[in-house]
Amino acid sequence: MKNNSPKNKVSIKENFVTLVTGSNGLVGSALRQLNPQNTVFTVRQEVDLTNFSKSKSLFKKVKPNRVIHLAAVVAGIGGNMMHSGSFFRKNLMININVLESARLAGTKKLISFMSTCIFPDNAPYPLHEKNIHDGPPHPSNFGYAYAKRMLQVQSDAYRKEWNCNYIVAIPTNIYGPHDIFNLEEGHVVPSLIHKCYLAMKNRTPLEVWGSGKPLREFVYSEDIAKLSLWAVDNYEEDTPIIFSSGKEISIRDLVDLITKSMHFKGEIIFDSSKPDGQFRKPSDTSKLKKYLPNFEWTPVEKGIKKTVEWFLANYPNVRL
Ligand code: GDP
């Protein structure tokens, strides 16, 4: 755990202690870069949040006024399909423990995170915050999705019984430095960056899963970190808020951006034996726009370039 020095202030209430769980992840690492005041960052290696007594001790020690709860077990479509049971169990335990520890420690404000993959498979487009419980999620990630949906249920139930101001954000596909660059279980951006690197090194084709046709809304981790800091001070509604630019791009166009950033000139194969997953999940961004009409999103071209540069500077010391 580390207390940050007060330089590079971001807009966060003074004299408040903020606890960030899951600080080694994508958004946690981006938050560290923003260097918010009086913030304690904790990581899995220090405190196992699936263990209630360890989670409770952490909160007793830090006594946070606010919590940015990022800790979760996450993966791309491959990992979600392989580990539906463990992802369900671990995410549920982490969330149950963290929200309850926060309540017992008197934490006034807590933000936690879901993802647009938790929406019902047949939800109307664009995906709207009010529809999260209206049907089963896509079969490729149902364990993770049901566990994550319970964050909203728990937050709402705590608000009703104990007046806890616990809010929930729904970011779309986050990417950026410090991601998990696992070839089989990572999300599409880090997996493809790593695959592209190996294809260049070994002079082999780049194998992309599926048809390349699915569409995703990619959001840069630093943007989500900034929005978390905004939301923990300013968002009070009992319904979740979607964090997205609302800009969809196809996996094929994403491949183009990655290969250009890496100067890959080899063959690209789309492997139709691998899953496409959900075809698209466009999100309704009107609620966020109402609050922050001028928020500047990092363009995906720039974000991919920065992520590739970070990967090349850090490989092989990246999370796998
Ligand atoms: P999702 O948005 O929850 O489905 O998360 P992913 O980050 O796993 O994105 C999956 C999409 O990217 C699917 O359409 C996949 O077919 C496509 N894709 C292409 N190549 C890869 C890859 O190497 N890894 C992953 N995870 N997805 C890939």
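A cavity here is a set of grid points where a 1.4 Å probe fits but cannot get out, and a residue counts as lining it if one of its atoms is within 4 Å of a point. With that in hand, the largest cavity of this predicted model turns out to be lined by Gln152, Ser155, Asp156, Arg159, Tyr166, Ile167, Val168, Glu237, Asp238, Thr239 and Pro240. The volume of this cavity comes to about 40 Å³, and a search through the whole structure turns up 1 cavity of 30 Å³ or more. Helix α5 (142-162) and strand β5 (165-171) each put at least two residues into the lining. The largest share belongs to α5, with 4 residues. Sorted by class, the cavity lining holds 4 nonpolar, 3 polar and 4 charged residues.

Strand β9 makes the largest share, 3 residues. Class by class, the pocket lining splits into 8 nonpolar, 2 polar and 5 charged residues.

Helix α10 also turns up in a helix pair. Two packed helices are described by the angle between their axes and the distance between the axes. For α6 (residues 188-202) and α10 (residues 300-314), the axes come within 11 Å and cross at roughly 55°. The two helices are therefore oblique to each other, and the crossing of α6 and α10 is right-handed. On the α6 side, the contact is made by Val189, Ile193, His194 and Tyr197, while α10 brings in Ile304, Thr307, Val308, Phe311 and Leu312. The tally for this contact of α6 with α10 is 7 nonpolar residues, 2 polar and no charged.

A second pair, α2 (residues 52-62) and α4 (residues 84-104), has axes that come within 9 Å and cross at roughly 40°. So α2 and α4 are likewise oblique to each other, and their crossing is right-handed. Here Phe52, Ser55, Lys56 and Phe59 of α2 meet Asn97, Val98, Glu100, Ser101, Ala102 and Leu104 of α4. The residues of this contact of α2 with α4 divide into 5 nonpolar, 3 polar and 2 charged.

Tyr125 and Pro126 are joined by a cis peptide bond, with omega at about -5°. Pro126 sits in the loop between β4 (109-113) and α5, and α5 is the helix that supplies the largest share of the cavity lining. Another cis peptide bond joins Tyr315 and Pro316, this time with omega at about 5°. Pro316 belongs to the segment after α10, the helix that meets α6 through residues including Phe311 and Leu312. Lastly, Asn35 has phi near 55°, a positive value in a residue other than glycine. Asn35 lies in the loop between α1 (26-34) and β2 (39-41).

Definitions and conventions:
Residues numbered from 1 in each chain as written. Predicted model: local features only at pLDDT ≥ 70, side-chain atom pairs only at ≥ 80, totals over all residues. Heavy atoms only, no water. Axes fitted to C-alpha atoms, helices over the stretch in contact; angles between N-to-C directions. Parallel < 35°, antiparallel > 145°, perpendicular 65-115°, else oblique. Left-handed = near helix turned anticlockwise from the far one by under 90°. Contact = heavy atoms within 4.5 Å. Nonpolar A, V, L, I, M, F, W, Y, C, P; charged D, E, K, R; others polar. 1 Å grid on protein atoms, 1.4 Å probe; cavity = no way out; pocket = protein on both sides within 12 Å on 5 of 7 lines; lining within 4 Å. Points joined across faces, edges and corners; volume = space filled by probe spheres on them.
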